[in-house]
Amino acid sequence: MEDVVLARHGESVFSARGLVNGDVAVSCPLTERGEEEARALGKALADDPIDLCVTSEFDRARQTADLALAGRDVPRLVLAELNDPRYGVFEGGALDEYREWAWSHGSGDAPSGGESRRELVARFARGYRLVLGRPEPTVLVVAHSLPIAYALGEPGPRMQMVEHASTHRLSADELRAAVERLEAWLEAPTW
C-alpha cells in the first residue's frame with residue numbers, strides 16, 4: 001500500500017437519531033441523506049485510482065462503498081477489525097449516554113457485554129496493520145468515526161466525531177506512524 005483514503009460511512013438510521021449500533025446482526029442501513037453523502041463521496045473520489053476498497057462488516061459501511069464506487073470495478077475486503085465498538089448494555093441506546101459512561105471510566109473499563117477502549121485501540125491497530133500489508137497501491141477504507149479518529153489523532157477519553165462520508169488521505173508512512181502511535185499508547189495508556 002502506498003496511499004490510503006479513510007472515509008466514514010454516510011448517515012445511517014441510527015446515527016440520524018443519535019443512537020449506537022455495534023451489533024453487526026442489527027440492520028442499520030443508510031438514510032436517504034446518507035445515500036446522497038455516499039454518492040457525493042463517489043464524486044469526490046472520481047479521479048482517484050482506487051485499487052482496493054476495505055470496509056467494516058456493517059451494512060452502512062458496505063452500502064456507502066457500493067454507492068461511492070458505483071460503476072467502478074474495485075475489489076473489496078471486509079475487515080471486522082475496523083468495526084464500530086461493541087457497546088454491550090448501551091447497544092441501540094443514545095450515543096450521549098454511552099459517551100457519558102465512557103468519559104467517566106478508564107480506558108480498560110468495558111460496559112457489560114461490550115469492549116473497552118483499550119480493546120478498541122488494539123483492534124483498530126491490527127486492522128490498519130492489515131491494510132498496510134496490502135499490495136494494492138491505493139486503498140479506500142470505509143469504516144466508522146472511531147477507527148478513523150484514532151488513526152488521525154492521539155488516543156484520548158474524548159475523541160472527535162468524524163463527519164459522514166468525509167475523506168482523510170494518508171500516505172503509507174503516515175498510516176504506519178499512526179499505528180505505531182496507537183501501539184505505543186497500548187504499552188503505556190495515559191487514561
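At what angle do the axes of helix 4 (residues 117–132) and helix 6 (residues 172–187) cross? They cross at roughly 150° and come within 9 Å. Helix 4 is therefore roughly antiparallel to helix 6, a term for angles over 145 degrees. Axes here are lines fitted to C-alpha atoms, for helices over the stretch in contact, with angles from 0 to 180 degrees between N-to-C directions.

The model is predicted: local features need pLDDT of at least 70 and side-chain atom pairs pLDDT 80 or more, while totals for chains, interfaces and linings use all residues. Residues are numbered from 1 along each chain as its sequence is written, and side-chain values use heavy atoms, leaving out hydrogens and water. Helices (H or I, at least four residues) and strands (E, at least two) are DSSP runs numbered from the N terminus.

**Contacts of helix 4**

Contact means heavy atoms within 4.5 Å. Among the residues of helix 4 that meet helix 6 are Val-121, Ala-125 and Leu-132, and their counterparts in helix 6 include Leu-175, Val-179 and Trp-185.

Helix 4 also meets helix 5 (residues 145–152); these axes come within 10 Å and cross at roughly 80°. Helix 4 and helix 5 are therefore roughly perpendicular to each other, the term for 65 to 115 degrees. In this contact, Arg-117, Leu-120, Val-121, Phe-124 and Tyr-128 of helix 4 face Leu-146, Pro-147, Ile-148, Tyr-150 and Ala-151 of helix 5.

An open sheet of 5 strands has the order 3-2-4-1-5 with mixed pairing; two strands pair if DSSP finds at least two bridges between them. Strand 3 (76–78) and strand 5 (167–171) are at the edges with a single partner strand each, so one side of each has no neighbour in the sheet. From one strand to the next, the twist averages 20°. Strand 1 (residues 3–8) runs parallel to strand 4 (residues 138–143), joined by 6 bridges. Helix 6 lies across strand 1 and strand 5, at about 95° to strand 5.

**Salt bridges**

A salt bridge is a side-chain nitrogen of Lys or Arg within 4 Å of a carboxyl oxygen of Asp or Glu; the count is 12. One of them joins Asp-84 and Arg-60 (2.9 Å, N to O).

Methods:
Angles under 35 degrees count as roughly parallel, over 145 as roughly antiparallel, 65 to 115 as roughly perpendicular and the rest as oblique.
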